[in-house]
Amino acid sequence: MSKKRIAIGALGGTISMTASQSGGVTATLGARELAQGVPGIADMADFSLQTLQKLPSGSIRFEHLFNCLAWAEKEVEKGADGVIITQGTDTLEESAFFLDLFWRHPQPLVLMGAMRSPEEPGADGAANLLASVTVACSQESVNRGVLVVMNDEIHEARHVRKVHSSRVNAFESPVFGLAGVVLEKQVQYFRATVRKPQLAIPASTSAKVLLLEHTLDDDPDILSLAIAHGACQAVVVAGFGSGHVSESLRDVLVVAAERIPVVVCSRTGAGSTTQAVYGYKGAEIDLQKNGVLMGRWLCPRKARLLLAVALWNNCDREQIKDLLVQWSASH
C-alpha cells in the first residue's frame with residue numbers, strides 16, 4: 001500500500017526554538033529540521049515541508065493565517081492527504097478556530113506545538129509531531145475539520161483551550177472533552193465530529209472587534225470612548241458568570257448595540273451563557289431584549305474571531321446570531 005502524503009507547514013513557536021546568545025530561546029528551526037528530529041517519521045508518510053514563518057505565536061496576525069490557509073489548500077490540491085501546521089501554543093486555540101471557520105476540505109488540518117523547547121529535558125515537540133502525523137494519516141480523521149493534537153490528545157478546534165501556562169498537558173476541551181486520543185500508534189475517536197458551515201474568505205479584513213474582560217467596578221467609559229472614536233466595529237465582552245454585566249456597563253452596551261454588534265460571553269473558562277434565567281438589569285434576559293447577543297458555549301476569544309469573520313462577510317445581526325448558535329453547539 002502506498003504511503004499517505006502529508007504536508008507540514010511551520011510557523012515558529014516553542015517547538016522551533018533553540019538557545020540564543022542574548023539569552024532564552026528563539027525560533028530557529030524550520031519544517032525540515034522539525035521533521036528530521038522525529039525518529040521513524042520518514043516511514044509513516046511522504047512529506048512536503050514548508051517553513052512559512054519563524055514567529056512566537058503572539059505575533060501571528062490574520063494575514064499570516066490567511067497565507068497559511070492558502071498554502072494548505074494548495075497542498076490539498078496537489079494531493080496531500082492531510083496537512084499539519086506547527087506553531088506556538090500561546091495562540092494555538094485561536095489559530096485553530098480561525099482556520100476551522102474557512103477549512104472546507106475533507107482532509108484533516110492538524111495544528112500542534114510544544115510546551116518545551118527541543119533542548120529542554122522532556123521536550124515534547126517530537127512526540128506531538130509524531131502523534132499529529134498519525135492523526136493526519138488516519139482515515140478516521142477525514143471530515144473532522146481542524147484538529148489540535150497535543151500530548152497524544154485530539155481536540156476539536158472550537159472547543160479546545162490552553163488552560164495552563166507551562167505544563168505539558170496544558171490543553172483541554174472543557175465540558176465537551178477530548179475528541180479522541182493517539183494510543184499505541186493508532187487513532188481512537190470517542191465521538192463523531194459535526195462540521196459547521198464554513199464562511200467565505202473575505203476581500204477585506206478592515207473591521208475590528210474589541211474584546212473586553214469585565215471586572216469588578218471597572219470603568220465603562222473606556223468602551224464608550226473606543227466606540228465613539230471608531231476604534232472598533234463590534235464588541236465582545238467577557239462577562240460575569242453565565243453572561244452578566246454591571247448596570248453601568250449594561251447602559252453602555254445597550255447604546256452600543258443600536259449601532260454595532262455586541263456579544264456577551266462568560267469569562268469563567270467553562271460553560272455556556274444562559275438565555276432565560278436571570279432577569280435583573282444587566283443579566284441575559286435584559287441584555288437580549290436590548291439587542292445584545294449571547295456567546296453561548298463559545299469562549300470570548302473565539303467569539304471575537306467568529307464576529308470578525310462575520311463582519312468581513314457583511315453578515316447582519318440575525319446572521320451573526322445564527323452563527324453563534326451554530327458554532328457553539330456540540331452537535
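User: Which residues in H8 meet which residues in H9?

Analyst: In this predicted model, Leu306, Leu307, Ala310 and Leu311 of H8 meet Ile320, Leu323, Leu324 and Trp327 of H9. Sorted by type, the residues of this contact come out as eight nonpolar, no polar and no charged.

User: OK, and how do I describe the way two helices pack?

Analyst: For two packed helices, you give the angle between their axes and the distance between the axes. Here, H8 (residues 300–312) and H9 (residues 317–328) pack at about 140°, and their axes are 10 Å apart. Angles over 145 degrees would count as roughly antiparallel and 65 to 115 as roughly perpendicular, so H8 and H9 are oblique to each other. Their crossing is right-handed.

User: Is serine 328 buried or exposed?

Analyst: Serine 328, which lies in helix H9, has 2% relative accessibility, so it counts as buried. Its side chain reaches the backbone oxygen of valine 325 at 3.5 Å. Beyond its neighbours within four places in sequence, serine 328 is in contact with Phe176, Gly295, Arg296, Trp297 and Leu298.

User: What about phi? What should I look for there?

Analyst: Most residues other than glycine have a negative phi. Lysine 185 isn't a glycine, yet its phi is positive, about 65°. You'll find lysine 185 in the loop between strands S11 (180–183) and S12 (186–189). Its relative accessibility is 72%, so lysine 185 counts as exposed.

User: Where does aspartate 217 lie?

Analyst: Look in the loop between strand S13 (209–213) and helix H5 (221–228). Aspartate 217 is not a glycine either, but it has a positive phi of about 55°. At 74% relative accessibility, aspartate 217 counts as exposed.

Technical notes: Residues are numbered from 1 along each chain as its sequence is written. This is a predicted model: local features need pLDDT of at least 70, side-chain atom pairs count only at pLDDT 80 or more; totals for chains, interfaces and linings use all residues. Side-chain values use heavy atoms; hydrogens and water are left out. Axes are lines fitted to C-alpha atoms, for helices over the stretch in contact, and angles run from 0 to 180 degrees between N-to-C directions. Helices (H or I, at least four residues) and strands (E, at least two) are DSSP runs, numbered from the N terminus. Angles under 35 degrees count as roughly parallel, over 145 as roughly antiparallel, 65 to 115 as roughly perpendicular and the rest as oblique. A crossing is left-handed if the near helix is turned anticlockwise from the far one by less than a right angle, and right-handed if clockwise. Contact means heavy atoms within 4.5 Å. Ala, Val, Leu, Ile, Met, Phe, Trp, Tyr, Cys and Pro count as nonpolar, Asp, Glu, Lys and Arg as charged, and the others, Gly among them, as polar. Buried means under 20% relative accessible area, exposed over 50%, partly exposed in between (1.4 Å probe, protein chains only). A polar contact is a pair of N or O atoms within 3.5 Å; within protein, one must be able to donate a hydrogen and the other to accept it, and residues adjacent in sequence count only if both atoms are side-chain atoms.
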